[in-house]
Amino acid sequence: MADQESDMEYSSDNDYEFEDYYNSGLEDCDIEQIDPKRSDPEYFVYECLDVEEVEKLLNESVEKLSNVLQITPSLAKVLLHETKWRTDEVVEKYRNNASNLLVSARIKAAPAAMAMAIASTSSATTVSIPLILPTVAGQLVPGPSSNPAPAASTRSSSPPPTAYRTHLCPVCVTVQAVDKFHALSCQHSFCRDCWAMHFEIQISQGISTQIGCMEQRCDVRVPEDLVLNLLNRPMLRDKYQQFAFADYVKSHPELRFCPGPNCQIIIRSADISPKKTTCKVCTTSFCFRCGMDYHAPTDCQIIRKWLTKCADDSETANYISAHTKDCPKCHICIEKNGGCNHMQCFNCKHDFCWMCLGDWKAHGSEYYECSRYKENPNIAHESVHAQAREALKKYLHYYERWENHSKSLQLEQQTLDRMKARINEKVMKGLGTWIDWQYLFDAAALLAKCRYTLQYTYPFAYFMEAGSRKDLFEYQQAQLEAEIENLSWKVERAETTDRGDLENQMDVAEKRRTTLLKDFFPTEA
């Protein structure tokens, strides 16, 4: 018992000594904090918001501007929408020259246009017509025009009452009481029914904040208050507010709608970069800057050009690129049924590259020539026909590899599904747990991420000008492709591959991918 107590005491003292040893000096030494923005080229800070949160965010900006400039919230909202929600810019412009700001925001008509509108409105649209009053004892009670002479003198001395004043609507060409007309800041006046019909037509076409005056040569926008006031049907009011909200979000530089189907989430980030954003609800991933599929290392403008070109020239590529190829040694027809480009003929066991049909042993060298397009140095002196043929050849080189990696991603998903089925059988037989086999799924996920990046390196290389920087890019692209094919080969044979060897290959492939993105991914806003 005494021995046990002494052991316990010794153990307690020993733990205390170890604790003091490992914790000593931690407060004094400076631990270098790793900046994730520098270590990870795809690091991106953003938040997923719902509609209510975004409405609150926008209303806060509107209220702030309204209080600073002492203007109505409706006017503040239009000014913020027009200046992409830059509050400081609105305040500065408003204080320097409010009139110019209102004209540029289409809230107020230009002075010349307003003068013409006033002149045309006052020319001949307001008329006064006599009202026929009810009869008394079978006789007609004299109206304003029953006795012409006195009536004329009355009109000359005082204007007719409001109930007697009418206005001619230039749209429906009907005369109505003045109180049924509404005019914008441009002084163009139309009747209530015509305004309401105009709003309904515009909203049915998806237009909300850009609804303008009905006058042909006038671009003054209709304020939100007037639209909501004249819309009678609740469904139209709701639709208008939905469209207006969408316009406000699209004009805000820090907000993006999730492109997922029927998803109402809105992404917010202060860093307006072409970084990968993943919705927390529908898990859709996209580029935050342009809203298209994530496309690193290619920037937004180049991927648009590439997709446009593919839409125009893909049919040409389709009949040239075949789904099957002959073995370069025994010439038997081979169909590609996996994502890996390292092919082994089932007939002669010859190892070759699916892309260039070259011996796979040559691909183990440092420079992976298969992915590099060799320019013709004398093409400038060739005929126009030869130049066009060379341009098509260059495009097909990159398109074929772009399309091949896209198909490889789909085939590797099938490989992953088969792997899940086999692992499920092993787990059911008691050969380990799902946690024991998790490293295989990590390898498959990393392979998909690396191949996705590699796919988007080909549009980047296609539009890249020849030079030392392109040489460096193609070198890194080749290194990445070589490591991806090695990883793909091992993932497809993961159950017979040493785990340490597989994890080492995963580390090498990810480092190649990260290095390429650090050097060539355009992250500036």
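Which residues line the largest cavity?

What we have here is a predicted model, in which local features need pLDDT of at least 70, side-chain atom pairs count only at pLDDT 80 or more, and totals for chains, interfaces and linings use all residues. Residues are numbered from 1 along each chain as its sequence is written, and side-chain values use heavy atoms, with hydrogens and water left out.

Let me start with the overall picture. The protein has 17 helices and 14 strands; these are DSSP runs numbered from the N terminus, helices being H or I with at least four residues and strands being E with at least two. Of its 525 residues, 39% are buried. Buried here means under 20% relative accessible area, exposed means over 50%, and partly exposed is in between, with a 1.4 Å probe and protein chains only.

Now back to my opening question. The structure holds 1 cavity of 30 Å³ or more. By cavity I mean a set of points, on a 1 Å grid over the protein atoms alone, where a 1.4 Å probe fits but cannot get out; lining residues have an atom within 4 Å of a point. The space in the largest cavity comes to about 70 Å³, where grid points are joined across faces, edges and corners, and the volume is the space filled by probe spheres set on the points. Its lining consists of K77, V78, H81, T209, R221, V222, P223, E224, Y240 and Y248. Two elements, α4 (73-82) and α11 (234-251), each give two or more residues to that lining, and α4 gives the most, with 3 residues. By type, the lining splits into 5 nonpolar, 2 polar and 3 charged residues.

P223 is partly exposed, at 34% relative accessibility. Its C-alpha is 8.4 Å from that of L184, although 39 residues separate P223 and L184 in sequence.

On to the cysteines. How many disulfides does the structure hold? The count is 0, with a disulfide taken as a pair of cysteine sulfur atoms within 2.5 Å. For C48, the nearest cysteine sulfur is that of C279, 5.2 Å away. For C263, the nearest cysteine sulfur is also that of C279, at 3.6 Å. C48 counts as buried because its relative accessibility is 13%, and C263 is buried at 12%.

Two last stops. T514 lies in helix α17 (residues 499-520). Is T514 buried or exposed? It is buried, because its relative accessible area is 15%. Setting aside neighbours within four places in sequence, T514 is in contact with S39 and P41.

Finally, I272 belongs to the loop between β8 (266-268) and β9 (276-278) and is partly exposed at 26%. I272 and P253, 19 residues apart in sequence, are 7.3 Å apart from C-alpha to C-alpha.

Conventions
Contact = heavy atoms within 4.5 Å. 1 Å grid on protein atoms, 1.4 Å probe; cavity = no way out; pocket = protein on both sides within 12 Å on 5 of 7 lines; lining within 4 Å. Nonpolar A, V, L, I, M, F, W, Y, C, P; charged D, E, K, R; others polar.
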